[in-house]
Amino acid sequence: MNAPTIWIVAPALIALLLFAIRNQRALSIIGGTITVLLAISAQFLPIDEPLILGAYSFKIAPSLDVFGRSLTIQPAEGSLLAVIYGATALWFFAAEASGTATRIVPYGLLITTLMVASIAVEPFLFAALFIELAILLAVPLLTSIYKPPGKGVVRFLIYQTLGMPFILLAGWLLAGVEASPGDVALAAQSASMLGLGFAFLLAIFPFYNWIPMLMEEASPFIVGFLLWILPTMTIIFGAGFLDRYSWLRSSPQLATTLLYAGLLMVVTGGLWAATQRHLGRIMAYSSIAETGFSILALSLNARVGIPILFLLIPARALGLAVWTLALTVIQQSSESMRFSSIRGLLRIYPFAGSALILAALSAGTFPLLAGFPARLALWENISRVSLGAAFWMGIGIVGLLTGSFRSLAVLSMADEYTAWELREDWLQTIMLGLGMIGLIALGLFPQFIQYFLANLPAMFDRLGH
Amino acid sequence: MSTLVWFAVILITITSVGLLLARDWRWLIIFLAAQYFGMLILILQHWPMGMASVKVVAGWMSSAILGMTRSGLPREDRTERHDILPRGRLFRLFASGIVVLIVATATPRVDAVMADAGFAVTTGALLLVGMGLLHLGVTDHILRVTIGLMTVLAGFEILYATVEGSILVAALLAVINLGLALVGAYLLIASNAEPEQEETEAL
């Protein structure tokens, strides 16, 4: 028995079997339960240590050899798998309420296993190939064969696919830089290649125009899932580059580049979110700003930056899940998500409206909500590096909050004598209610999530110490 | 062998320019398949026949997937009518000429970085990457976008084969090529879907 078989191969095989099930509830429950089990086992089963059960003892080996290379899950990566599969379970359990279980559960589980494989593959830069496979799988997840695809999905495919060659070639060039550290030209070439690759994969400015387009074309719940898992795993993959190459890690130019790239995303994401008149596009720009926060965390000294990077992950997962579920519920009854079509919907969709506002406020660093603790820590540390950078981060946050308050104003702008109704079904009400409780609980008691996050920096040999 | 390599570069130039100029989808598929043959010759400079043939087989299978899907669609593909960018052949030929010039300028520097690639191999690879990017820049038609991406990847694969000989990478890149063709076929079918079919799905 080995770890990649348990957390990559077996879930992938189960995902293939799940394509045969067409029942929304069955898929939601089976998918959610499997991912919860995978998360619990990843947190508690020791890897590469003998496990004694009565008279039997066995050991989960960390590696699986494939075509002369290996998939390796290190013992320190168990908590990361728990966070990934745990967050995926959020989406799967809520999938029935969003009406997308037949697509998101099988495709989502396959995509998750491919992203886990991208962390496990050795040499690590082959991760780009697994990420590309996940992107190819995301296309049928985003579109229906019975509906013409929009431009957003085509741009998503183009931009994300172009990232892979740059990263693979950059990986080869980086090895050359290690061999001859004095070659400045080669170092500049490899860093440029790497930067371009991650600019495509992380949808860094100006390569993010597909995100708002997708939010208008596809199911918000599905787009939300992809906007969580793809940037999160890609940024961990990016941190792996910093961990492996000491010259990259110690380069002051890289820290500055990351700082400016992150600020550009936070500021443009925040300002565009503030000026949109479409709920989906506000969420899209907010998620762009959230990727910017992660990049800002990477720009900090690794001792503080890496724990903040991991602290951002659960808040982002929960926030996006609640936000996109609320958007899906609202979209089901409204002809569009434009402000003109959703005026006063808070009176007839109180749970969806409240959940949407809470999630938007959480993304905008509103105090005592899930997004607040990580962003506060980030803001404080950014201000130590540069007050100017902290100011611009503040501008982005003000933009995000403006977008949330505008959404709140439009959603609550009902005619005076409109009666309160509860049009969400019981499942949607429960899921949205639990989501809102989670957003508040994560904001009030962020220390609870530390149980899972405390050991995560140890997955990096050098960044984590 | 050197003559054969330069023949492959000429073949790749013809096919990649042909892909930009051709309007009939049959020619697109023929040019794409021929392009993978040129790719095979260039990759043979660094890989044994057994491994290099994986590339050409995956490429030809991808071409067949796209060809078979397109042949099942109506004569005029709906999305082809929505092209808003310049479609004149003269414009595309001019743009291809600029790409060839850029490739001619960049090849010596890239060849110096890719130590053992060989001048002809680097030229062929960069031509494919450049023409593929040009293709992606002038169209949003699904078949052409897929072919553009496959062309960029083909160029990258030639270059990457000179530095990486892993079987796992070869297998994954073949799967990515086939996956790209399948995704392209899926989007082609979807882009020609009738509104009534959507209602059927909803039922």
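**Entry 1: chain B overall**

I began with the contacts in chain B between residues at least 6 apart in sequence, and found that 72% of them join residues at least 24 apart. I note here that the model is a predicted one. I then went through the secondary structure of chain B and listed 8 helices and 0 strands. Along the sequence I wrote the pattern down as α-α-α-α-α-α-α-α. I also looked up burial: of the 203 residues in chain B, 46% are buried.

**Entry 2: H1 and H4 of chain B**

I picked one helix pair in chain B, helix H1 (residues 2-21) and helix H4 (residues 89-113). Their axes come within 9 Å and cross at roughly 145°. I recorded the crossing of H1(B) and H4(B) as right-handed. Which residues make the contact? From H1(B) I listed B:Val17, B:Leu20 and B:Leu21, and from H4(B) I listed B:Arg89, B:Arg92, B:Leu93 and B:Ser96. Sorted by class, the contact of H1(B) with H4(B) holds 4 nonpolar, 1 polar and 2 charged residues.

**Entry 3: where chain A meets chain B**

Next I looked at the contact of the two chains, to which chain A gives 29 residues and chain B gives 32 residues. On the side of chain A that touches chain B, helix H5 (127-142) and helix H6 (151-179) of chain A each supply at least two residues. H6(A) has the largest share of that side, with 10 residues. I sorted the side of chain A that touches chain B by class and got 20 nonpolar, 5 polar and 4 charged residues.

**Entry 4: the domains of chain A**

I found chain A divided into domain 1 (1-122) and domain 2 (123-459). Taken over C-alpha atoms, the centres of these two domains of chain A are separated by 23 Å. Domain 1 of chain A puts 31 residues into the contact, and domain 2 of chain A puts in 36 residues. On the side of domain 1 that touches domain 2, I noted helix H3 (78-98), helix H4 (101-120) and strand E5 (121-122) of chain A as the elements that give two or more residues. Which element gives the most to this side? H4(A) does, with 12 residues. By class, I have 18 nonpolar, 8 polar and 5 charged residues for the side of domain 1 of chain A that touches domain 2 of chain A.

**Entry 5: H1 and H2 of chain A**

I turned to helix H1 (residues 3-18) and helix H2 (residues 24-44) of chain A, whose axes come within 12 Å and cross at roughly 175°. H1(A) makes the contact with A:Ile6, A:Trp7, A:Pro11, A:Ile14 and A:Leu18. On the side of H2(A) I listed A:Leu27, A:Ile30, A:Gly31, A:Ile34, A:Leu38, A:Ser41 and A:Ala42. How many charged residues are in the contact of H1(A) with H2(A)? I found no charged residues there, with 10 nonpolar and 2 polar.

**Entry 6: H8 and H12 of chain A**

My last pair was helix H8 (residues 210-217) and helix H12 (residues 279-299) of chain A. The axes come within 8 Å and cross at roughly 145°. I recorded that H8(A) passes H12(A) in a right-handed crossing. H8(A) makes the contact with A:Ile211, A:Pro212, A:Met215 and A:Glu216. The residues I listed from H12(A) include A:Gly280, A:Arg281 and A:Tyr285. The contact of H8(A) with H12(A) divides into 7 nonpolar, 2 polar and 2 charged residues.

How values were computed:
Residues are numbered from 1 along each chain as its sequence is written. Chains are lettered from A and ligands numbered from 1 in the order in which they are written. This is a predicted model: local features need pLDDT of at least 70, side-chain atom pairs count only at pLDDT 80 or more; totals for chains, interfaces and linings use all residues. Axes are lines fitted to C-alpha atoms, for helices over the stretch in contact, and angles run from 0 to 180 degrees between N-to-C directions. Helices (H or I, at least four residues) and strands (E, at least two) are DSSP runs, numbered from the N terminus. A crossing is left-handed if the near helix is turned anticlockwise from the far one by less than a right angle, and right-handed if clockwise. Two residues are in contact if their C-beta atoms, placed from the backbone, lie within 7 Å. Ala, Val, Leu, Ile, Met, Phe, Trp, Tyr, Cys and Pro count as nonpolar, Asp, Glu, Lys and Arg as charged, and the others, Gly among them, as polar. Domain bounds come from an automatic or database domain assignment. A residue is buried if 20 or more other C-beta atoms lie within 10 Å of its own, exposed if 12 or fewer, and partly exposed in between; C-beta atoms are placed from the backbone.
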